[in-house]
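Please read the report below alongside the sequence and the model. It goes from the whole chain to single residues.

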Amino acid sequence: MTTAAKPGQGPLCGVRVVELAGIGPGPFAAMLLADLGADVVRVDRPGGPGLAIDPAYDVTNRNKRSIVVDLKAPDGPGRVLDLAERADILVEGYRPGVAERLGVGPEQCHARNPRLVYGRMTGWGQEGPLAHRAGHDVAYIALTGTLGMIGRPDEPPAVPANLLGDYAGGSLYLVVGVLAALHHARATGTGQVVDAAIVDGTAHLSAMIHGMLAAGGWQDRRAANLLDGGCPYYGTYETADGGYMAVGALEGQFYDEFLRLLGLADLADARKDWTRWGELRERIAARFKSRTRAQWTALFEGTDACVAPVLSLREAPHHPHLAARGTFTDHGGITQPAPAPRFSATPTTVRTGPALPGADTEAVVREWGIPATAHDDA
């Protein structure tokens, strides 16, 4: 039964999560659960996978604890099943069938804990022609049609880091899924498997666009639409010093304010006239090239023209609005995004830095009540 949350521990305080170590969307999903207050125990492999950086800087392992288990050792599966027996949620990101072969698949875990929510994070999903193929974010989003929407029409599609597939289409959907399944498990006593595939989640993110496409309000090509850079008053422009400004003046009143501040009020009638969008874009681009990013930022400050400077990763934490909200935080010498979203009754914090592999074994065994003798009966 969930215990009452302590200040700074978040709304998932008392929820126990087992994370079978991997890279990418699985660890990020487990980080989000940990940020929300869950007790996440990451099961690392001996010398196991991780980012090509010092583990002390892997922010996706913050607010977690780590133990090291060799799943190929005789007692390895039994040790994981001991954890699963005491957990609410398990998260794994292996290819389909791997967890079963290792002895820690859904059937084995549910035999020990029927209430367990078993979250599976993959790119292609648990079934289908590509289910057993290797892949990465860029390939997953390519097949869903979303990558093809991004970028200029005369250039290759622009790759949005691994934010769209791994984290938006993958991690966030896994978290929604396991929390929904946890709600069901607590109401019925029955756990289940959550199959979170990046291709499914990324496709789901484009739901509105598919509706617009069906209605004839979206062209199936890059930079030809209202929200994909085709619209001259929704996009980015270079400034005199090589910086960029982002413009999102979609509605009439915002567009008018935008043109007034640019000194282009004579183009007011071009907003809905697609035949003049080329002229409008050229005039706007020329104006932005006439001043620096700092000058334009100062000019648009305090207005409803919906214009903002395009900041770098190192610049963003210092923006006055983000600084005032504490959108970024410093912990252990690492500047990083603070937990989100925010809760009025159960606020969240970065409680601990990245969990180092195996550093918490004794505490987890003691607090979770794991038998002193490892099992080999998986």
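## Basis

This is a predicted model, in which local features need pLDDT of at least 70 and side-chain atom pairs count only at pLDDT 80 or more, while totals for chains, interfaces and linings use all residues. Residues are numbered from 1 along each chain as its sequence is written, and side-chain values use heavy atoms, with hydrogens and water left out.

## Overall form

The protein has 13 helices and eleven strands. Helices (H or I, at least four residues) and strands (E, at least two) are DSSP runs numbered from the N terminus. The C-alpha trace spans about 80 × 45 × 40 Å along its principal axes.

Of the 378 residues, 42% count as buried. Buried means under 20% relative accessible area, exposed means over 50%, and partly exposed lies in between, with a 1.4 Å probe and protein chains only. The accessible surface comes to about 19,000 Å², and 57% of it belongs to carbon and sulfur atoms. Accessible areas come from the Shrake-Rupley method with a 1.4 Å probe; for residues, only the protein chains shown count as cover. Among contacts with a separation of 6 or more, 66% are between residues 24 or more positions apart. A contact means heavy atoms within 4.5 Å.

## Helix H10

Helix H10 covers residues 277–288, twelve in number. From first C-alpha to last it reaches 16 Å, close to the 16 Å expected at 1.5 Å a residue; the expected span is 1.5 Å times one less than the number of residues. Its buried residues are Trp 277, Leu 280, Ile 284 and Phe 288. Seen down the helix axis, these buried residues fall within an arc of 60°, so they line one face of H10. The arc is that of the directions from the helix axis to the C-beta atoms.

The cover over the buried residues of H10 includes strands S7 (234–238), S8 (244–248) and S9 (307–309), together with helices H9 (252–262) and H11 (293–300). On the other side of H10, Glu 282 and Ala 286 are exposed.

## Nonpolar surface patch

Met 208, Leu 226, Leu 227 and Tyr 234 form a nonpolar patch on the surface, with about 330 Å² of accessible area together. Patches are made of residues with over 30% relative accessible area and no salt bridge; like charges are joined within 9 Å, and nonpolar side chains (Val, Leu, Ile, Met, Phe, Trp, Tyr) within 5 Å. Tyr 234 lies in strand S7, and at a relative accessible area of 31% it is partly exposed.

## Salt bridges

Side chains of opposite charge can pair when their charged atoms come close. A salt bridge is here a side-chain nitrogen of Lys or Arg within 4 Å of a carboxyl oxygen of Asp or Glu, and the count by this rule is 21. One of them joins Glu 279 and Arg 283, at 3.9 Å from N to O. Both residues belong to H10 and are four residues apart, about one turn of the helix. Glu 279 is partly exposed at 36% relative accessibility, as is Arg 283 at 30%.

Arg 152 pairs with Glu 155, with the closest N and O atoms 3.7 Å apart. Arg 152 is partly exposed at 48%, and Glu 155 is partly exposed at 41%. Arg 366 and Glu 367 also meet in a salt bridge, at 3.9 Å from N to O. Arg 366 is exposed, with a relative accessible area of 59%, whereas Glu 367 is partly exposed at 44%. Elsewhere, salt bridges that share partners join Glu 19, Arg 42, Asp 44 and Lys 64 into one network.

## Backbone and loop details

A cis peptide bond joins Ala 340 and Pro 341, with omega about -5°. Pro 341 sits in the loop between strand S11 (334–337) and helix H13 (361–368). Ala 161 has a positive phi, near 50°, in a residue other than glycine; its loop runs between helix H5 (137–143) and helix H6 (163–188). Phi of Ala 223 is likewise positive, near 55°. Ala 223 is in the loop between helix H8 (207–214) and S7, and is partly exposed at 22% relative accessible area.

Asn 113 lies in the loop between helix H4 (106–112) and strand S5 (117–122). It is buried, with a relative accessible area of 7%. Leaving out residues up to four places away in sequence, Asn 113 touches Ala 84, Glu 85 and Ala 87. Its C-alpha atom is separated by 19 Å from that of Arg 42, 71 residues away along the chain.
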